Amino acid sequence: MWRFGPPQKRIDMDWERMKPTILVTDDDSSIQGLLATRLMSQDYVVRTASSGEAMLEALGQEEFDSLLLDMHLPDGDGLELIAAVRAIDPNLPIIMITAHGSIEKAVEAMRRGAYDFCPKPIDFNRLTVAVKNAIERNALKRRLTRLERTQKAGLCELIGASPEMQVVYRIIETVASTDAPVMITGESGTGKELAARAIHHLSTRRPREMVEVNCAAIPKDLLESELFGHERNAFTGATEQSIGRCERANRSTLFLDEVAEMDPGLQAKLLRFLQDYSFYRVGGKERITVDVRIVSATNRNPKEAMAEGVFREDLFYRLHVVHLPIPPLRDHAEDIPDLAEHFLGHYARRHEKAFAEIGPEALDVLCAYAWPGNVRELENVIQQAVVLYPGETLTVDMLPEAVRRLHAAPAARVGRGERRPLGEGRDPVIVPFEQLEREAICQALEVMRGNVTKAAAALHLSQATLYRKIRDYNLVLKQFKDGE
């Protein structure tokens, strides 16, 4: 009987490996060799273990796509090992192999969770089909699990299961049921409008459509009329009465996008409106009062805008009752796979293309890129690839050159840290922390041959953090994978 503790947390990084990896567990070295040779000829990566203990150790250190397990091992029975394997990886497909096969043992193995059963002497054609089907089934399960996890973690149209996005979700869920004004800040393309929609969607105002105003897109001479409406003949061209967006947002949510770009004179009128939510249409004499919930957004730093005199301080405090910051994509890079797969599926359906997955190398490049345009840029890149290319798998050559080269030239390797001894008449030499950190990252990537998953684990960093540091230090993963 095996004793095993809870599995170590392993991060799902399918894109780190170019080929599916299979663990072959058999105490017969000749069988190991035959299986390894046959499977490698089918373009699989093969690892081997000769005992149950060695197999469990390998499963705890690396992620596999399938397991071939001999029914009889030197340190125990393969049937009993199934439970130990399931404790480490509940979804790993297990194919049992034995020279003492029987219908009873096959049924018992399947009942305990095995995917398939192959007796010795091995029919390699049957085994090859079983392995292929098992790996495809496991890959589909992983994609479904990731989708379910993202949907559970996400909110409305927002996508991402990272800790940074969890903070965003918690704020949205907390403030949605109130009428408190919310100011959303973040770089362009981060999803501020989606956050505003999520707030509205979870509020009691949901039955009525949210009304949006892009304060930067409407000319200042027309924005007042757009906000408050106008009466007939209020100005040249006003041939009929117009209902403004503040009035249309009655009993709903008014979303003021890029509010810091609003003309200062109009900011004063908006401030007056916010005092009691009443206004006059342009050219009108009737005072109109509405029940509106205000959500605003800006891609500028509000305090810097106030310091520059382009954003009224009193208006800021009216709008900034609750602050919702949306992080840039580079700060939650672990969400890139979920976002990329979402966009791939969306645009494949929209353009009636066959794309179903993103290749490992392409996903590796997407995760390492800085995304100055944030989620909007990622969406654009995926849509562009879907429109321009055929196929079922999005590959690295379909990505724009700017993304492929990681917008940074390879930097020279940092040599191993050389400490000069302190001598008479010599000042102490202090090596900058950044240099030591960069050297440690280079060394880890070199040892792990560019495998970010293993390098991050060795450095005790999250993969998102390591990707950011790789980008910050202008390192190129291919440089380490190729052993250059």
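1. The sheet. In this predicted model, five strands form an open sheet with parallel pairing. Their order is β2-β1-β3-β6-β7. The edges are β2 (45-49) and β7 (116-119), each of which pairs on one side only. On average, neighbouring strands of the sheet are turned by 20° against each other, direction ignored.

2. One strand pair in detail. Strands of a sheet pair through backbone hydrogen bonds, in either a parallel or an antiparallel sense. Here, β3 (residues 66-70) and β6 (residues 94-98) pair in the parallel sense. Four bridges join β3 and β6.

3. A helix pair. Helix α8 (residues 220-228) packs with helix α10 (residues 264-276). The angle is about 15°, and the axes lie 11 Å apart. Angles under 35 degrees count as roughly parallel, and α8 and α10 are therefore roughly parallel to each other. Their crossing is right-handed.

4. What meets between α8 and α10? From α8 come Leu223, Glu224, Leu227 and Phe228. They meet Leu266, Lys269, Leu270 and Phe273 of α10. By class, the residues of this contact are six nonpolar and two charged, with no polar ones.

Methods. Residues numbered from 1 in each chain as written. Predicted model: local features only at pLDDT ≥ 70, side-chain atom pairs only at ≥ 80, totals over all residues. Heavy atoms only, no water. Pairing = 2+ DSSP bridges. Helix = DSSP H or I, 4+ residues; strand = E, 2+ residues; numbered from the N terminus. Axes fitted to C-alpha atoms, helices over the stretch in contact; angles between N-to-C directions. Parallel < 35°, antiparallel > 145°, perpendicular 65-115°, else oblique. Left-handed = near helix turned anticlockwise from the far one by under 90°. Contact = heavy atoms within 4.5 Å. Nonpolar A, V, L, I, M, F, W, Y, C, P; charged D, E, K, R; others polar.
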